[in-house]
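Here are my notes on this one, jotted down as I went through the model. Have it open beside you while you read.

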Amino acid sequence: MFFSVLQFSRAHDYADFISEVADTFMTLGHVNSALKYYYMLENDDGIDDDHLHLKIARCYLSLGERMQAIKFLQKALQRQQNNVDARLNLASLLIEDSKEDEAISLLSPPKNSDLQNIDQNSDTSKLWWHNEKIKLKLCNIYRAKGMIEDFVNTILPLVRESLYIESLRLKIKVKKRLRESVLFQRVKNVDDQQTDGVFCGSRPIVTPADRMKASRARKLLQKKAALKEEKKAVAIAAGLDWLSDDTNDESEEEHVKEPPLRNLLKDEEHQYLIIDLCKALESLQRYYEALEIIKLALKSGHHILPVEKEEQLRLLGAQMAYSSMDSKHGFDCIKHIVKQHPYSITAWNCYYKVIPRSGKSYSRHCKFLRSMRSKHKDSVPSLVISGHQFTMGSHHQDAAQEYLEAYKLLPENPLINLCVGIFSSLLGLHYSTLGFRLQNKHQCRAQGLAFLYNNLRLCESSQEALYNIARACHHVGLSLALSYYEKVLATVEKDHPIPKLPNENWDVVEKNEKYYGYCDLGREAAFNLHLIYKKCGAMDLARQVLRDHCTFD
């Protein structure tokens, strides 16, 4: 009865009332009744309501009629191109109908020809393709379709800017300006003289801290007064009325920019987005950008991210540290992995692969290695790496101590026996090069050969173990090198799988024909053997060895 006046013939006259009635029905859940009144307005050409088609589309969405909803959402976008909600709803419906390409076209920025028609003075931040929700929706579509490069190019700027702003928030301290009344009170507490009592005419007794605060307050008040007089003079010279600005009396806070993606580190879906972005960057071999994102995420989300997400990011950073040529950004990640697993050979192998390319981080490496040695004295990998570093720095006695400590812990390890054996065999030669004489150099050589023979036993007389003995004897001038080089040439060594760290891909290398025989040391042994023959004057034997073993077809 009350709505009897709201007829189609009178829709133009009562447009506002019809719209309000329809909105009320929609709020109460009477969708069909709301549609009836919305259609009264939609069929009247004289009514100009930009939100009408969007309201009808929402009604059809509530009824589950997707085709009609798509139709009216498209009409709504024709009238309101910057309507982000309508564009997102339409994209979701298109994805449900398996029309991802149409959804991508709907959410992608317009072409260059369309961009030229946009007013240059318009605020670009209000354009729909700059909206964060649009970019998130588009990147999710790219991620679902496996379009990695488009996914990265869409979401990387937003994630980087958001993480950068979050990291700045850790440094920014919001400062409040003191009101002038507070400044005057601080000065008054020091300058006021007592008017009665025993201490009449004297200044009050104040602490040095209060006196310093009063001094700063007095200077600040003088500065504000001078600035106010300057503004007053400028206003009077310009013929304007002077109005005192009292806004300085209010407390002001430093404005902090809001990140494009809010709750980036708190929202679980966004946390997975960061991890997927880093993996995508790794697959595209954009290691520097991935390490930058990981560094910012770990810095900003130290007390926010769950422990498993932090570990996953650090593991990704460690993997990219030894995959990239510039690994200084991944040094902290791999260092954390080693701290968590101080006895893991895989973790230390990854760490040792990163160190030669760490550049300026080498001093940090030495400090970290000393720290790990002091905390985990029974960690064999750290002992061996420390020994290598001492050897490279010509600290031979320190290196020998590290190797022998490792030997005490793992006496049956072939690598440790090899390190101790080579070092002991060459120790006398190193000291002779430096101008020193080692009194027990023959004893050192004998001990070194004993360790090398132990390595030969543990390696079951492999070609590599034979070559190591031959090379050590050759280096110190023992004729025993001749027979061991001949044993190396008589041994056939098959190729072994190339040792690789997690996520390393050596399949292409192993299938390459030029890498066949990379485990065979025959050419190296033949070349060294020909040097011995050549030094002894046996030129024919030297040429024959080179012809038999070092000739390429």
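1. Salt bridges first: I count one when a side-chain nitrogen of Lys or Arg sits within 4 Å of a carboxyl oxygen of Asp or Glu. By that rule the structure holds ten. Bear in mind that this is a predicted model, where local features need pLDDT of at least 70, side-chain atom pairs count only at pLDDT 80 or more, and totals for chains, interfaces and linings use all residues. Numbering runs from 1 along each chain as its sequence is written, and side-chain values use heavy atoms, with hydrogens and water left out.

2. On the overall make-up, the chain has 26 helices and zero strands (DSSP runs numbered from the N terminus: H or I of at least four residues for helices, E of at least two for strands). Of its 553 residues, 38% are buried, where buried means under 20% relative accessible area, exposed over 50%, and partly exposed in between, with a 1.4 Å probe and protein chains only. Taking contacts (heavy atoms within 4.5 Å) with a separation of 6 or more, 58% are between residues 24 or more positions apart.

3. Back to the salt bridges: K145 pairs with D101, with 3.9 Å between the closest N and O atoms. K145 belongs to helix 8 (residues 132–145) and D101 to helix 6 (residues 100–107), so this pair ties together parts 44 residues apart in sequence. K145 is partly exposed at 39% relative accessibility, while D101 is exposed at 56%.

4. R160 and E289 also form a salt bridge, at 3.4 Å from N to O. This pair links distant parts of the chain, 129 residues apart: R160 is in helix 9 (residues 148–171) and E289 in helix 13 (residues 287–300). R160 is partly exposed, because its relative accessible area is 26%.

5. What about a pair within one helix? E310 and R314 both lie in helix 14 (residues 307–321), four residues apart, or about one turn. Their side chains meet in a salt bridge at 3.6 Å, N to O. E310 is buried at 9% relative accessible area, and R314 is buried at 13%.

6. Last, a helix pair worth a look. The axes of helix 4 (residues 66–79) and helix 5 (residues 84–96) come within 10 Å and cross at roughly 145°; axes are lines fitted to C-alpha atoms, for helices over the stretch in contact, with angles from 0 to 180 degrees between N-to-C directions. Among the residues meeting there are I70 and L73 from helix 4, and L90 and L93 from helix 5.
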